[in-house]
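Q: Please take a close look at one part of this model, the packing of its helices and the pockets beside them, and describe it in a connected way.

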Amino acid sequence: MNAALLSLKNISMEYSNFIAVDDLNLDIKKGEFISLMGPSGCGKSTTLRMMAGLDNPTSGALYLDGESQLEVPTEKRGMPMVWQNFALFPFLNVQKNIEFPLKMQGVPSEARSKKAAEWIERMGLTEFAKRNISQLSGGQRQRVALARALVTEPRILLLDEPLSALDSHLRIKMQTELVRLHKELGITFIYVTHSQSEAFTMSDRVVIMNQGKVQQIGTPKQIYRAPNNAFVAEFIGMNNLIS
């Protein structure tokens, strides 16, 4: 078995009287597509934020390639995040939005322009390169957000419910696009969602969470056919439960 690329060891996150994540252990392999799924408030987005370095865990450890990341700032971790609301810069056009992370890395103007142009073409955005973000559709904005995250060629991409703001037709189309990108790039995708169909369609493994605790980790087939407990069985829709 391949060694883990990213490891969370006994990670907990506590806010005054509320435990958002409780003693979570998770190993994620290189090139894996893994989804965190559960009801609102279960701790999945908090877990993603701790991976990104946006929140510091109350206790536990986080390792990337065996090296602790707890003292490593967000911009040095190499784990860009695609947000639910895309978080694009409204004052920059498509080209400049995609160039921005390269600019922050000190990449020279000509080189970052060329790299951004490659991703604009790859994401089918060539005719929109000079447009303002306000002139784009939801699907086009989503592709810009993905291109901006991937232009630095990270080893891990974090996605926090990135399709929830899209209509159902576009959501299905973007699921196909994400699976294609994952296969082409070989990047580890860590994906937070409420949607069983998204998680089960795209993921190699799914992590089911509830009240800050992991309830089950497995392939979609394993979870569907053999839920660990009544919560998992009910959550994925198997409602004929027998004590």
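A: Helix 3 passes helix 5 in a right-handed crossing, where right-handed means that the near helix is turned clockwise from the far one by less than a right angle, and left-handed anticlockwise. The two elements, helix 3 (94-104) and helix 5 (138-150), are DSSP runs numbered from the N terminus (H or I of at least four residues for helices, E of at least two for strands). The contact, meaning heavy atoms within 4.5 Å, is made by Val94, Asn97, Ile98 and Pro101 of helix 3 and by Val144, Ala147 and Arg148 of helix 5. By class, these residues are five nonpolar, one polar and one charged, with Ala, Val, Leu, Ile, Met, Phe, Trp, Tyr, Cys and Pro counted as nonpolar, Asp, Glu, Lys and Arg as charged, and the others, Gly among them, as polar. Helix 3 and helix 5 pack at an angle of about 30 degrees with their axes 7 Å apart, the axes being lines fitted to C-alpha atoms over the stretch in contact and the angles running from 0 to 180 degrees between N-to-C directions. Helix 3 is therefore roughly parallel to helix 5, a term for angles under 35 degrees, with over 145 roughly antiparallel, 65 to 115 roughly perpendicular and the rest oblique.

This is a predicted model, in which local features need pLDDT of at least 70 and side-chain atom pairs count only at pLDDT 80 or more, while totals for chains, interfaces and linings use all residues. Residues are numbered from 1 along each chain as its sequence is written, and side-chain values use heavy atoms, with hydrogens and water left out.

Helix 5 also packs with helix 6 (residues 168-185), at an angle of about 20 degrees and with the axes 11 Å apart, so that these two are roughly parallel to each other. Their crossing is right-handed, and Gly138, Gly139, Gln142, Arg143, Leu146 and Leu150 in helix 5 meet Leu170, Met174, Leu178, Leu181 and Leu185 in helix 6. This contact has seven nonpolar, three polar and one charged residues.

The largest pocket has a volume of about 730 Å³; a pocket is an open set of points on a 1 Å grid over the protein atoms alone, where a 1.4 Å probe fits, with protein on both sides within 12 Å along at least five of seven lines, and lining residues have an atom within 4 Å of a point. The volume is the space filled by probe spheres set on the points, which are joined across faces, edges and corners. Of the 23 lining residues, Thr74, Glu75, Met79, Pro80 and Pro101 are the closest to the centre of the largest pocket. Helix 2 gives the largest share of this lining, four residues.
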